[in-house]
Each structure stands twice: as C-alpha cells, then as structure tokens.
Amino acid sequence: QVQLVESGGGLVQAGGSLRLSCAASGRTFSSFIMGWFRQAPGKERDFVAAINWRGTSPYYADSVKGRFTISRDNAKNTVYLQMNSLKPEDTAVYYCATKPPLATQYDYWGQGTQVTVSS
C-alpha cells in the first residue's frame, strides 16, 4: 500500500516562504518520479514541479520557475517543495504524487496540504 503524506502548509503573507514535505511509504521510493501539483478553488489541478529518481533534472511550471525548488531525500523517502516569494495566486491545496519512470500518469496521490498566501 503506497502512502504519501504531505505537511508544511499554512498561512503566509505575500513575499514569504514555506517548505512542503511529502513522506512516502509502500514502494521503492528511490526508483520513482515525484511530483507536486496544486488546485485552487474552482480550478483544475495543475502541475507545479517534478524530479527524477536521482534528484537531478527537476522541472517546473513556468508560473513557479525561479521561486520554487523541488528536492528529494531518498534516504528519508521524502520529497520537498521550497516555496519562496509567495504570491496570493499561489494559494491552493498542494498535492504530491508519484509515478514509475516511464509512466504517463501519476498513480498515487497524497491527501493534500493547504497553502494560503495573504496579500
């Protein structure tokens, strides 16, 4: 049973920072791609960032490039999302997800953590 548990969300003022964590269990974490997504009220879930099993070659949505950093610690089965220079439009529920390297779809998702950025 694969489980992903996000933490680190909260309320922050615009320009502030938060670090999200996602602890994974139930699969060989180090072999899989990890991603972060977000869903704002009334909107579809959007891709934010992803990272390969080595922790290299991260890629980001244009909206967060230069502000967010994804990283992973395979020894701790944890992926992180460091979010800096937060904007009110970053307000959303943030989800982590995992998929096998060659898969097109993410197959396991966490329950989400709320991030609210006040202006």
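Biologist: Let's start with the disulfide of cysteine 22 and cysteine 96: is it left-handed or right-handed?

Modeller: Quick background: this is a predicted model, where local features need pLDDT of at least 70, side-chain atom pairs count only at pLDDT 80 or more, and totals for chains, interfaces and linings use all residues. Residues are numbered from 1 along each chain as its sequence is written, and side-chain values use heavy atoms, with hydrogens and water left out. The torsion about the S-S bond of cysteine 22 and cysteine 96 is about 45 degrees, so this disulfide is right-handed.

Biologist: How many residues apart are cysteine 22 and cysteine 96?

Modeller: The whole structure has one disulfide (a pair of cysteine sulfur atoms within 2.5 Å), and its sulfurs, from cysteine 22 and cysteine 96, sit 1.9 Å apart. Cysteine 22 is in strand β3 (residues 18-25) and cysteine 96 in strand β9 (residues 92-99); strands here are DSSP runs of E, at least two residues, numbered from the N terminus. The pair links distant parts of the chain, and the separation is 74 residues.

Biologist: What is the relative accessible area of threonine 98?

Modeller: Threonine 98 sits in strand β9. Its contacts (heavy atoms within 4.5 Å), not counting residues up to four places away in sequence, include Val2, Leu4, Phe32, Met34 and Tyr108. Threonine 98 is buried, with a relative accessible area of 2%.

Biologist: Which residue has its backbone oxygen 3.3 Å from a polar atom of the threonine 98 side chain?

Modeller: A polar contact is a pair of N or O atoms within 3.5 Å; within protein, one must be able to donate a hydrogen and the other to accept it, and residues adjacent in sequence count only if both atoms are side-chain atoms. For the threonine 98 side chain, the backbone oxygen at 3.3 Å belongs to isoleucine 33.

Biologist: How much space lies in the largest cavity?

Modeller: On a 1 Å grid over the protein atoms alone, a cavity is a set of points where a 1.4 Å probe fits but cannot get out, and lining residues have an atom within 4 Å of a point. Points are joined across faces, edges and corners, and the volume is the space filled by probe spheres set on them. There is one cavity of 30 Å³ or more. Thr98 is among the residues lining the largest cavity, along with Val2, Leu4 and Met34, and the space inside is about 40 Å³.

Biologist: Which residue in β11 is the bridge partner of glutamine 13?

Modeller: Strand β11 (residues 113-118) has a covered face, Thr113, Val115 and Val117, and an uncovered one, Gln114, Thr116 and Ser118. β11 runs antiparallel to β9, joined by three bridges, with alanine 92 opposite valine 115. β2 and β11 run parallel, joined by four bridges, and glutamine 13 has as its partner serine 118.

Biologist: How far apart in space are glycine 9 and leucine 20, C-alpha to C-alpha?

Modeller: Glycine 9 is in the loop between β1 and β2 (10-13) and counts as partly exposed at 34% relative accessibility. Glycine 9 touches Leu20, as well as Leu18, Thr113, Gln114 and Val115, leaving out residues up to four places away in sequence. Glycine 9 and leucine 20 are 11 residues apart in sequence, and their C-alpha separation is 6.2 Å.

Biologist: What is phi of serine 57 near?

Modeller: Serine 57 lies in the loop between β5 (45-51) and β6 (59-60), and is exposed, with a relative accessible area of 52%. Phi is positive here in a residue other than glycine, near 55 degrees.

Definitions and conventions:
Buried means under 20% relative accessible area, exposed over 50%, partly exposed in between (1.4 Å probe, protein chains only). On a 1 Å grid over the protein atoms alone, a cavity is a set of points where a 1.4 Å probe fits but cannot get out, and a pocket is an open set with protein on both sides within 12 Å along at least five of seven lines; lining residues have an atom within 4 Å of a point. Two strands pair if DSSP finds at least two bridges between them.
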